[in-house]
Amino acid sequence: MPASPSTARAINDRLALRLLQDEGPLTAGQLKQLTGLSRPTVADLVERLADSGLITVVGESGEQRRGPNARLYGIVADRAHLAALDVRTEGVSVLVSDLLGRVLTEASVPIAGDIGTGPAVEQAVALVERAVKEAGADRLHTVGIGAPGLIDPVTGELRDSSGLPAWHRRLVAALQERLPEARVSVENETNLAALAEQREGGARDRDTFVLLWLGHGTGAAVVLDGTLRRGASGGTGEIGFLPVPGAATLPSATDCGGGFHSLAGAAAVEALADACGLTGAADGTDGTDGPRAAGLVRTAVAGAAPPTAVDRFLDALADRIAIGAASVVAVLDPGCVVLGGEVGQAGGARLAARVQERVRRMSPLPTEVRPSTLGGGAVLRGALLTARERAQDDLFTPADRRPA
């Protein structure tokens, strides 16, 4: 059956808004050409979107003649403001953007592990409130949060996970209480990193891939046929619990010690570097707020250490990472594994090539191993991308068609 007039208008409006988002400001004539709609239909939708406050005239095109078709229309970027959070065991990072995703301000705060749930939550919420003020925003429309742990696939809430700070779960509720008009949602940090790598990073040309997160902890995110897979309980990719050879014990349901985490987590990478005689990143970080392990890997890749120590370290690290990567490949056959997180980005092409060589020896399934191009920043980018999509889904949908 043909669409009703109201449905057709909604479809046309959404199409025009997506084009303005992707292409930037456009004239009515360019909208007509890109949408295939008639001139009167484009004129109607431009007037409708302008009246709703979603688009406005932002300038004129370079055409010699003047008139309606020479006006450039763009999305009203400050119609809504968004926040993205990267919540980790040792602190919180936040950025605030406009509706188009342009970052207006960024900030972070370390949170000590012994200060208690209440003070930790207050520090994190105060950070968000300061960032909103610095961005010049009156309020937030949507907040996207990336956090370690399992997200309940039914409720969308962060589940209580042993080993993670109690303030993580409380923070989500506190933000909703302090920002009652905002839509607050939380997603597993590695899943958000994978979305960012797919849109803007090392997996832009892949519909199917696995992101292997290598940072303070380990994790994996699975994207199959363009869709992020979360699993029955939201636990797809909890590779830190994967039993592996070389570990002293087996992991348990409450402790990933003895799992892949014991081989490739930041503490294990640091110990491996010490055993191989590699030194570096003496300040405890890699200079980009990542774990010291990333600094050690970057030192090795840059050749800023004795060659024998560098080769011994990178070879041993690749051996360890390949165990986790080959396990994922054997089950999913993704064709591509991206080494994400601060350590994966620090290793670059040099570490990725070593891991790829080992995976090819361990598996008959052709697999390309790539380094992350976003590193630890992928979580914030993924949180921003999801917040922007949710905000636009709401604002770009006619009021009478929004869910109650």
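Leaving aside neighbours within four places in sequence, L26 is in contact (heavy atoms within 4.5 Å) with L19, L20, L31, L34, R71, L72 and Y73. This is a predicted model, in which local features need a pLDDT of at least 70, side-chain atom pairs count only at pLDDT 80 or more, and totals for chains, interfaces and linings use all residues. Residues are numbered from 1 along each chain as its sequence is written, and side-chain values use heavy atoms, with hydrogens and water left out.

L26 sits in the loop that joins helix 1 (5-23) to helix 2 (28-35). Helices (H or I, at least four residues) and strands (E, at least two) are DSSP runs, numbered from the N terminus. Is L26 buried or exposed? L26 counts as buried, because its relative accessibility is 7% and buried means under 20% relative accessible area, with exposed over 50% and partly exposed in between (1.4 Å probe, protein chains only). T56 is 30 residues from L26 along the chain, and the C-alpha atoms of the two are separated by 11 Å.

The whole protein can now be set around this residue. There are 12 helices and 12 strands in the protein. The radius of gyration (taken over C-alpha atoms) is 24 Å, close to the 22 Å from the globule rule for 404 residues, so the protein is as compact as a globular protein of that length. The rule itself is 2.2 Å times the number of residues to the power 0.38. Along the principal axes, the C-alpha atoms fill a box of roughly 70 × 50 × 45 Å. Of the 404 residues, 51% count as buried. Among contacts in the protein with a separation of 6 or more, 63% are between residues 24 or more positions apart.

The protein has 40 positive and 48 negative charges, and their mean positions are 5 Å apart. Lys and Arg count as positive and Asp and Glu as negative, while His and the chain ends are not counted. Each charge is placed at NZ of Lys, CZ of Arg, CG of Asp or CD of Glu.

Confidence comes next. The average pLDDT (the predictor's confidence in each residue, from 0 to 100) is 89, and 92% of the residues score at least 70. Over residues 281-289 the pLDDT is below 50, and this stretch has 14 contacts in the model beyond near neighbours in sequence. Where pLDDT is low, the predicted coordinates should not be read in detail.

V328 is part of helix 10 and is buried, with a relative accessible area of 13%. Not counting residues up to four places away in sequence, V328 touches V210, I239, D333 and P334. T279 lies 49 residues from V328 along the chain, with 31 Å between their C-alpha atoms. D333, one of the residues that V328 touches, belongs to the loop between helix 10 (307-332) and strand 11 (336-340). With a relative accessible area of 40%, D333 is partly exposed. Its phi is near 50°, a positive value in a residue other than glycine.

D225 also has a positive phi, near 55°, in a residue other than glycine. D225 lies in the loop between strand 9 (218-224) and strand 10 (227-229), and at 63% relative accessibility D225 counts as exposed. What does T190 touch, not counting residues up to four places away in sequence? T190 touches L211, W213, G219, A220 and A221. T190 lies in helix 6 (residues 189-200) and is buried, at 5% relative accessible area.

A253 is in the loop between strand 10 and helix 7 (261-264), and its relative accessible area is 78%. From A253 to F241 the separation is 12 residues in sequence and 8.1 Å in space, C-alpha to C-alpha. E106, in strand 5 (residues 103-110), is exposed at 53% relative accessible area. Its contacts, leaving aside neighbours within four places in sequence, are with V94, L95 and L380. E106 and E197 are 91 residues apart along the chain, and their C-alpha atoms are separated by 20 Å.
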